[in-house]
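Reader: Hey, I'm new to this one. Could you walk me through it?

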Amino acid sequence: MKKRDTLCALLALGMAPFGAYAQPAGKVWRIGYLSSFAGPDETVDALRETLGKLGYVEGRNIAYEYRFSAGRDERLPALTEELVRAKVDVIVARTGSVALAAKRATNSIPIVMEIAG
């Protein structure tokens, strides 16, 4: 299994608890993507591509909220709080330090961390 397929499978698991509840027709899943990088990289493209293959179309049933700290880990708490206020359904954390920052900010939003490999 490719790394991006693994990430998307984990993301689907993170969204699974919400599927157990009645969702209004036309639910738009809000994905918060948090990274310590300066901007989007191949992981963002892979995530969007793979979720697209699973039927998630941006603007129709999925929306992305991106936050990048550009190597400034001290910005991670504030960026995570922005995602929490944006009421994302799941947070995709690009690295371990990012996942820890997200975990400190919320205990109600599932956090999926990419595992390098």
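Predicted model: local features only at pLDDT ≥ 70, side-chain atom pairs only at ≥ 80, totals over all residues.

Reader: OK, and which residue does arginine 72 form a salt bridge with?

Author: That would be glutamate 74, and the closest N and O atoms of the two are 3.1 Å apart. Glutamate 74 has a relative accessibility of 56%, so it counts as exposed.

Reader: How many salt bridges does a search of the whole structure find?

Author: The search turns up 9 salt bridges. One of them joins the side chains of arginine 94 and glutamate 42, at 3.9 Å from N to O. That pair links distant parts of the chain, 52 residues apart: arginine 94 is in the loop between β3 and α4, while glutamate 42 is in helix α2 (residues 42-53).

Reader: Is arginine 94 buried or exposed?

Author: Arginine 94 counts as buried, because its relative accessibility is 11% and the cut-off for buried is under 20%.

Reader: Which residues are linked in a network of salt bridges?

Author: Arg30, Glu65, Arg67 and Glu82 are linked that way.

Reader: Switching topic: how many aromatic pairs are there?

Author: The count comes to 4 aromatic pairs. Among them is a tilted pair made by tyrosine 33 and phenylalanine 68, with 6.2 Å centre to centre and 50° between the planes. Tyrosine 33 sits in strand β1 and phenylalanine 68 in strand β2 (residues 62-68), so to speak distant parts of the chain, 35 residues apart. Both of these residues are buried.

Reader: And why is the pair of tyrosine 66 and phenylalanine 68 stacked?

Author: Their planes are at 10°, with the ring centres 6.2 Å apart, so that pair is stacked. Planes under 30 degrees apart count as stacked. Tyrosine 66 is partly exposed, at 24% relative accessibility, whereas phenylalanine 68 is buried at 18% relative accessible area.

Reader: Which residues form one aromatic cluster?

Author: Tyr33, Tyr64, Tyr66 and Phe68 do.

Reader: Where does lysine 27 lie?

Author: Lysine 27 lies over the face of tryptophan 29, 5.1 Å from the ring centre.

Reader: Last topic, helix α4. Which of its residues are buried?

Author: In α4, which covers residues 96-105, the buried ones are Val98, Ala99, Ala101 and Ala102. Down the axis of α4, these buried residues fall within an arc of 160°, so they line one face of the helix.

Reader: Which exposed residues does the face turned away carry?

Author: Lys103 and Arg104 are the exposed residues on the face of α4 turned away from its buried side.

Reader: And what covers the buried residues of α4?

Author: The cover includes the strands β1 (29-35), β3 (90-93) and β4 (111-113), along with helix α3 (76-85).

Definitions and conventions:
Residues numbered from 1 in each chain as written. Heavy atoms only, no water. Buried < 20%, exposed > 50% of the residue type's maximum accessible area, 1.4 Å probe, protein only. Helix = DSSP H or I, 4+ residues; strand = E, 2+ residues; numbered from the N terminus. Arc of directions from axis to C-beta. Contact = heavy atoms within 4.5 Å. Salt bridge = Lys/Arg side-chain N within 4 Å of Asp/Glu carboxyl O. Phe/Tyr/Trp six-rings, centres within 6.5 Å; stacked < 30°, edge-to-face > 60°. Lys NZ or Arg CZ within 6 Å of the ring centre and 35° of its normal.
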